[in-house]
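Please consult the sequence and the structure as you read.

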Amino acid sequence: MTQQAAALQTYNNELVKCMEDLCSKREELNRQIKQEEEEKERLQHDIRVLSEKLSRVNESLAQRLAARATFDRTIAETEAAYTKILESSQSLLSVLKLEAGNLSKATEPRRKDH
């Protein structure tokens, strides 16, 4: 019977050691899970912060793009109007020179051909 008791004691000791090992591994795994959950929370917070910042930047960018389009349109319209003014000035100058030439001819004394 002592041999059986010794075997039983050995089995019991091994069982206790295995249970302790399992509990130790479970505690380590639990620590890793807690650490990763904390990292997950930090990352989710960072994502929220970055998403809000991205939203603000997108909104600002849209406003700036609209303002630039307004500038582009105003510049194009102004350049077109200025080109028309230049063309009109050139036409006016040509007409004025022609009229001035005609007036000069009309006011010159006539020469008598002998």
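Q: How many salt bridges does the count come to in this predicted model?
A: Side chains of opposite charge can pair when their charged atoms come close. A pair is counted here when a side-chain nitrogen of Lys or Arg lies within 4 Å of a carboxyl oxygen of Asp or Glu. By this rule, the count is three salt bridges.

Q: Is Asp 21 buried, partly exposed or exposed?
A: The relative accessibility of Asp 21 is 36%. Buried requires under 20% and exposed requires over 50%, with partly exposed in between. Asp 21 therefore counts as partly exposed.

Q: How far apart are the closest N and O atoms of Arg 31 and Glu 28?
A: Arg 31 and Glu 28 are three residues apart in helix H1, so about one helical turn separates them. Arg 31 is partly exposed, with a relative accessible area of 43%, and Glu 28 is partly exposed at 34%. The two residues form a salt bridge, and the distance between their closest N and O atoms is 2.5 Å.

Q: Which residue forms a salt bridge with Arg 42?
A: Arg 42 is partly exposed at 46% relative accessibility. The closest N and O atoms of the pair are 2.5 Å apart, and the partner is Glu 39.

Q: What accessible area do Leu 15, Met 19 and Leu 22 have together?
A: Met 19 is found in helix H1 and counts as partly exposed, at 46% relative accessibility. Leu 15, Met 19 and Leu 22 form a nonpolar patch on the surface. Together, their accessible area is about 310 Å².

Q: How far apart are the end C-alpha atoms of residues 12-60?
A: An unreviewed UniProt entry annotates residues 12-60 as "coiled-coil region". In the model, this span is 100% helix and 0% strand. Its end C-alpha atoms are separated by 71 Å.

Conventions. Residues are numbered from 1 along each chain as its sequence is written. This is a predicted model: local features need pLDDT of at least 70, side-chain atom pairs count only at pLDDT 80 or more; totals for chains, interfaces and linings use all residues. Side-chain values use heavy atoms; hydrogens and water are left out. Buried means under 20% relative accessible area, exposed over 50%, partly exposed in between (1.4 Å probe, protein chains only). Helices (H or I, at least four residues) and strands (E, at least two) are DSSP runs, numbered from the N terminus. Patches are made of residues with over 30% relative accessible area and no salt bridge: like charges are joined within 9 Å, nonpolar side chains (Val, Leu, Ile, Met, Phe, Trp, Tyr) within 5 Å. Accessible areas come from the Shrake-Rupley method with a 1.4 Å probe; for residues, only the protein chains shown count as cover. UniProt positions are given in the numbering used here, feature names are shortened, and annotations may be inferred rather than shown by experiment.
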